[in-house]
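Q: I'd like to learn how to read the sheets and cores of a model like this one. Could you walk me through it?

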Amino acid sequence: MIDQKRDMTLLLVVGALLLAGIGLDLATNDAEPARAERSGSAFFERAQFCPSLILEEGAGAEVSIATASPEPVPVEPEPLEDEPLELAAGSTATRPIEGVEPVAVEGFGSPVAAATSHFVDARVGRAGSVEGIGAGNCATDASRNWYFPNGDSSVATDYRLVVANPFPDEAVVQIDFLTSEGEETSAQLSEVAVASGQVEVVSVSGASVPQDLLSVRLRSARGRVIAWKALWTKPEGQPPGFEFTLGAPAPDTEWYFPAGEVSDRAQQTITVMNPNEEESSVSVALSTDEGPVQSSRLIEIAVAPQSSRQLVIPNRLEARRRNVGGISAVVSVDNEVPVVAESTTTYDDDEMSGRITEVGSADVSDRWLVAPPSLEPTTDSLVLQNPTTEETTVNVVIYDGGSEEGAGGTSPENLQGITVPPGLRVSISLEDIRGSGGSWLEVVADNGEVVAERITFNESRSDASSVMGQPDFGAPLR
């Protein structure tokens, strides 16, 4: 009898502890702001995951791959190749994406970087006939959460999420919206199944009432996924185009945007998304290659809980500052409530037209790999942003495209010893390497940290595209 009582007491104590633990876990989850859960899987630690074709007709896509390893790296782009490629140091590989399966690019012995470029020339939903190009990085890991601040569901736009599941089990995700008025849910998107090893292209436009500002939040009920935004738009009075970007897996307190412009030909908009239960306060710092651009209307901007706010940059500047040209931006949180930010710039003149969009970088680094946003650009530029208080010197190495057996990259004299002053930006024309078929850029800051982004214009598609660099990537080849 004593033993039975002892056993019963022990069971009650264990049960109480389990219940207490569950209660503590739930309370902690409620208290914490939205954060991504990373897989941290050693099996996938040297892989990057890329989207498939977005449309089966009237569109195309290519994946471009590079490595910063000083030694040759076997690279397997599944399912595009049956055997691994031997990727020499400083060279790149480009392959067409022809199916609707996600692409996994795995490096054996060293990490690899990958990005996809997309073009479309087709009728797309409510947007009608749209031509354009877009580019986005592949993802180093999956997450239970993805955020896309800038988007809309107006009648001139077709907005879709490209959701990939590279894992062996089915994933189930919920997609809802944050607007300027608050949170909106969609019964259509409350349980979206993504089969193992497949991509699901989800119509956002078809699940929301038409509105000009529609931020998208994806949350996984089961499994981890990767998500990109694909948006086709033909807005009245603005240039049409195709926008494509990898989402953000978590909010943060700093977001960096090297490439933007406010001028007679260009308008930049920064959208800030607050997925938390507390109000956030943000400030935006702008800079050109000559100095800061200050405005009291960009300081301590309130973003309500579970909502988004769109900041049209020229409307927040004095009239005399609305033609400053190329600018970089930093979105900073003032009250420790993290947000997600995205920049969209539209261009409209004879030299350049179209749209670019990028979720910002939450990182600064002394080493970047920067993918080609377009494989056949008419213009090509690298923008370096120095958000720190110290001057830095940057050297750029070109990773030559189309050579899987060649030697290392090249270091043009005009891309060495580039000075980026503290708090400012530098834009570098890459016209000399135009048409090189997928060249990547290795950016190394010798004595500081920067943020790198690349922007191209494709005249044949009448659209611009951009891609943020991938930070903390390997050691320099030299």
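Q: Which strands form the open sheet, and in what order?

A: As a general idea, strands of a sheet pair through backbone hydrogen bonds, either parallel or antiparallel. Here four strands make an open sheet, ordered β24-β20-β27-β28, with antiparallel pairing. Strands are DSSP runs of E with at least two residues, numbered from the N terminus, and two of them pair if DSSP finds at least two bridges between them. β24 (307-312) and β28 (353-359) each have a single partner strand, so one side of each is left without a neighbour in the sheet. This is a predicted model, where local features need pLDDT of at least 70, side-chain atom pairs count only at pLDDT 80 or more, and totals for chains, interfaces and linings use all residues. Residues are numbered from 1 along each chain as its sequence is written, and side-chain values use heavy atoms, leaving out hydrogens and water.

Q: How many bridges join β20 and β27?

A: Eight: β20 (residues 266-274) runs antiparallel to β27 (residues 340-348). Take Gln267, whose bridge partner in β27 is Thr346.

Q: Which residues touch the most other members of the largest nonpolar core?

A: A nonpolar core is a set of buried Ala, Val, Leu, Ile, Met, Phe, Trp, Tyr and Cys residues joined through side-chain atoms within 4.5 Å; buried means under 20% relative accessible area (1.4 Å probe, protein chains only). Here they are Leu161, Leu218 and Trp232, in a core of 42 residues. Strand β16 (residues 226-233) gives the largest share, six residues. A second, separate core has 27 residues, among them Val293 and Ile327.

Key: Buried means under 20% relative accessible area, exposed over 50%, partly exposed in between (1.4 Å probe, protein chains only).
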